[in-house]
Amino acid sequence: MKLQRKNRRALALGALAVSGALALTACGSDDTSGGTGGDGGNSSASAQAGNIDCADAKGQLQASGSSAQKNAIDAWVKNYTAACKDVQINYRPDGSGAGITAFLQGQTAFAGSDSALKPEEIEDSKKICTDGQAIDLPMVGGPIAVGYNVPGVDELVLDAATISEIFDSKITNWNDEKIAKLNPDAKLPDLKIQAFHRSDESGTTDNFTKYLKAAAPKAWPYEPGKSWEAKGGQSAQGSSGVAQQVKQTSGAISYFELSYAKDIKTVDVKTEAAEPVKATIENATAAIGAAKVVGTGKDLALELDYTPEAEGAYPLVLVTYEIACDKGNKAETLPATKSFLNYMASEDGQGLLADAGYAPMPEEIITKVRENISSLS
């Protein structure tokens, strides 16, 4: 469970090296996002904004999937379409499950998913990827924050078992003795817990439940998956939906990417390490850097460790993949797909992630991603 200090420093420096001109306008909404290029010719040379190479990219690029990466996609689209004015990108953040379905039906050029493709999904992809198959390209990382709204409680520590029982309606009040034991100095109110989960199929839910199953198997009896299986609780659509519920509901708790946690207090997670771990980019990077590539061929699916023992390694992390055909991509959208994915994986594209609340991919992983994007056909 170690990320070499050299890599950790390199990631931090890479994020700081990004030009201050890359202003982010993350709106925290799950509405359709897109960038519309203006009039004028396509720049075939490297563009000024982030040295973006537009190549022969033009036309409309349709994509959909993970709402977890929406704030990063917004920033990427803004910069890319400012440079490549002949390209319009429409990304629908309607959830990982919906994104994979749309891709497998040939409706989109690529999909975003917070979970790697299943074997049966890779097999299905051969119907639309002529002489090829879909591959996972890890592009965005970050912590899944557990956000809460408990008046008078500015710091809160929970462990996997307690989180499990909260989301399974076994712990129903904020002054429950199990929560109090983890927070001896907190003034916990006599307040009902309002637990919110995702209503849509979500890779964030998949990773969240994988963590609960791995770290507290006795407390979490359900199999991990994109669909919510536990009893009780309330639901909302998308990451922005559950985050909004936490903001406006006294006693609420939910899970969402750190980029959605603006003005929301987040739980420090107790692990096997001596000190509880905060949901930060650096702490998530420490965990993601130890992930193993388990995909075959050009597929770069990763295996994450949800029970790290290292100090400062945040256990609740996800990686969002961009999913595309290795071969057999549609000729009319291939140039734009490669150009945009290349920008996302570039030093400049990865560099803006920290400011948007995400973790860039470790250098050894993103180097392979760049190589695989260049070979898409």
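User: What makes Lys-265 and Asp-154 a salt bridge?

Analyst: Their closest N and O atoms are 2.8 Å apart, and a salt bridge is a side-chain nitrogen of Lys or Arg within 4 Å of a carboxyl oxygen of Asp or Glu. So 2.8 Å meets that cut-off, and the pair counts. Keep in mind that this is a predicted model, where local features need pLDDT of at least 70, side-chain atom pairs count only at pLDDT 80 or more, and totals for chains, interfaces and linings use all residues. Residues are numbered from 1 along each chain as its sequence is written, and side-chain values use heavy atoms, with hydrogens and water left out.

User: Why is Asp-154 called exposed, and what is Lys-265 called?

Analyst: Buried means under 20% relative accessible area, exposed over 50%, and partly exposed in between (1.4 Å probe, protein chains only). Asp-154 has 58%, so Asp-154 is exposed. Lys-265 has 33%, so Lys-265 is partly exposed.

User: How many salt bridges does a search of the whole structure find?

Analyst: It finds 10. Another one is Lys-278 with Asp-268, whose closest N and O atoms are 3.0 Å apart. Lys-278 sits in the loop between strand S11 (268–270) and helix H9 (281–288), and Asp-268 in S11, so this pair links parts 10 residues apart in sequence. Asp-268 counts as buried at 12%, while Lys-278 is partly exposed at 43%.

User: What about Asp-168: buried or exposed?

Analyst: Buried, because its relative accessible area is 4%. Asp-168 forms a salt bridge with Lys-170, with the closest N and O atoms 3.3 Å apart. Lys-170, at 56%, counts as exposed.

User: How do you know that S4 and strand S14 (residues 317–325) pair?

Analyst: Two strands pair if DSSP finds at least two bridges between them. S4 and S14 are joined by 3 bridges and run antiparallel, so they qualify. Ala-111 has Ile-323 as its bridge partner in S14. Strand S2 (residues 59–65) also pairs with S4, in the parallel sense over 3 bridges, and there Ala-63 has Phe-110 as its partner.

User: What makes Ala-111 buried?

Analyst: Its relative accessible area is 0%, so Ala-111 is buried. Ala-111 lies in strand S4 (residues 110–113). Phe-110 and Gly-112 point one way from S4, Ala-111 and Ser-113 the other way, and all are buried.

User: Which residues is Ala-111 in contact with, leaving aside its neighbours within four places in sequence?

Analyst: Among them are Ser-64, Phe-103 and Tyr-321, where contact means heavy atoms within 4.5 Å. The C-alpha atoms of Ala-111 and Ser-64 are 5.2 Å apart, although 47 residues separate them along the chain.

User: Why is strand S7 (residues 194–198) called largely enclosed?

Analyst: Because 4 of its 5 residues are buried. S7 pairs in the parallel sense with strand S8 (residues 234–236) over 3 bridges and with strand S9 (residues 252–257) over 2 bridges.
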